[in-house]
Amino acid sequence: MPDTDTLIRFLRDAYQPAVYIVFLVIALKMKPFVARSWLVATIVIWLLASLYYALLSSVDLLGGVFGFSWRYDYYQWLNMLTELATQVLLILFLVGLWTHYRLNVGNVKQLLFSWQGRISRSVYWLLGGITLNGFIVLLRYAMAWRVPENNMAYEIFSGVFFMAVAAILAWINIMISIKRFHDCNKTGWCVLALMIPIIGPLFGLIYLGFFKGTSGKNDFGEDPILS
């Protein structure tokens with residue numbers, strides 16, 4: 001028979017998917033709003049994680065009754081995905097709201113993945129902080145990652161996943177650096193200077209992080225700060 005702690009954990013984990021389903025339905029039924037896709041993506045990841053935790057709890061409960069065991073191979077995957085969702089996707093949703101109502105920078109997808117346009121110092125610091133936090137989360141999990149014994153598919157998929165996320169974060173950093181150069185009315189090719197060891201990153205931190213951009217329109221677009 002399952003013990004009391006197992007039963008309580010099952011009841012706790014069983015109701016959470018229903019809560020996230022309600023949140024997801026509400027988000028999809030509402031009229032379209034700024035950066036909704038980032039919020040929906042966050043809720044979907046939380047929902048998937050809650051379903052997996054509910055599955056684990058139900059198997060533990062049934063295992064206590066029928067005496068079978070369960071492997072927790074993918075538990076760390078869910079922990080990492082939910083943490084990334086909380087610390088990156090949800091923040092991007094809030095950034096989308098802020099940039100839409102306060103800044104002239106387009107939507108969040110254009111802001112993150114396009115080299116066209118300009119961004120202000122505040123947006124540069126904010127997005128730089130988000131991507132740095134994403135790198136820290138990724139590095140922390142990569143250093144503590146445990147591959148289940150004799151599971152080659154898990155190991156390969158883990159390596160591809162880590163490299164893909166790192167590449168996305170690196171691309172975002174390059175794009176915001178280019179747009180910050182544009183804000184100072186400099187060509188985006190100046191981003192190559194940031195690749196010079198030691199000097200490049202230091203130059204980028206000082207110039208992109210502290211030098212004021214062109215007031216009003218310049219060769220690369222309108223002023224990113226709305227009047």
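**Notebook: helices, a surface patch and some buried residues**

I began with valine 19, which has its place in helix H1, residues 4-29.

I then looked at what valine 19 belongs to on the surface. Tyr15, Val19, Val22, Phe23, Ile26 and Met30 make up a nonpolar patch there. Together these residues have about 550 Å² of accessible area. I noted a general point beside this entry. An α-helix has 3.6 residues a turn, so residues three or four places apart point the same way.

**Confidence**

I reminded myself that this model is predicted. I looked up the average pLDDT of the protein and found 81. Of the residues, 88% score at least 70. Where is confidence lowest, and where is it highest? Helix H3, residues 75-102, is lowest with a mean of 77. Helix H7, residues 199-210, is highest at 90.

**Threonine 82**

I went to H3 next and picked threonine 82, which is found in that helix. Threonine 82 counts as buried because its relative accessibility is 15%, and the cut-off for buried is under 20%. Which residues does threonine 82 touch, apart from neighbours within four places in sequence? I listed Ile45, Trp46, Ala49 and Tyr53 as its contacts.

**Helix H6**

I turned to helix H6, residues 152-183. H6 has 32 residues. From first C-alpha to last, H6 reaches 47 Å, close to the 46 Å expected at 1.5 Å a residue. I checked what comes after the helix. Asparagine 185 follows H6, and its phi is positive, near 60 degrees.

Within H6 I stopped at glutamate 155. Glutamate 155 is partly exposed, because its relative accessible area is 43%. I also looked up its distance to tryptophan 145, ten residues apart from it along the chain. Their C-alpha atoms are separated by 9.9 Å.

**Helix H7**

I finished on H7. This helix has twelve residues. H7 reaches 16 Å from its first C-alpha to its last, close to the expected 16 Å. Which residues of H7 are buried? I wrote down Gly200, Gly204, Tyr207, Leu208 and Gly209. I then asked what the buried residues of H7 pack against. They pack against helix H5, residues 121-144, and H6.

Methods
Residues are numbered from 1 along each chain as its sequence is written. This is a predicted model: local features need pLDDT of at least 70, side-chain atom pairs count only at pLDDT 80 or more; totals for chains, interfaces and linings use all residues. Side-chain values use heavy atoms; hydrogens and water are left out. pLDDT is the predictor's confidence in each residue, from 0 to 100. Helices (H or I, at least four residues) and strands (E, at least two) are DSSP runs, numbered from the N terminus. The expected span of a helix is 1.5 Å times one less than its number of residues. Buried means under 20% relative accessible area, exposed over 50%, partly exposed in between (1.4 Å probe, protein chains only). Patches are made of residues with over 30% relative accessible area and no salt bridge: like charges are joined within 9 Å, nonpolar side chains (Val, Leu, Ile, Met, Phe, Trp, Tyr) within 5 Å. Accessible areas come from the Shrake-Rupley method with a 1.4 Å probe; for residues, only the protein chains shown count as cover. A salt bridge is a side-chain nitrogen of Lys or Arg within 4 Å of a carboxyl oxygen of Asp or Glu. Contact means heavy atoms within 4.5 Å.
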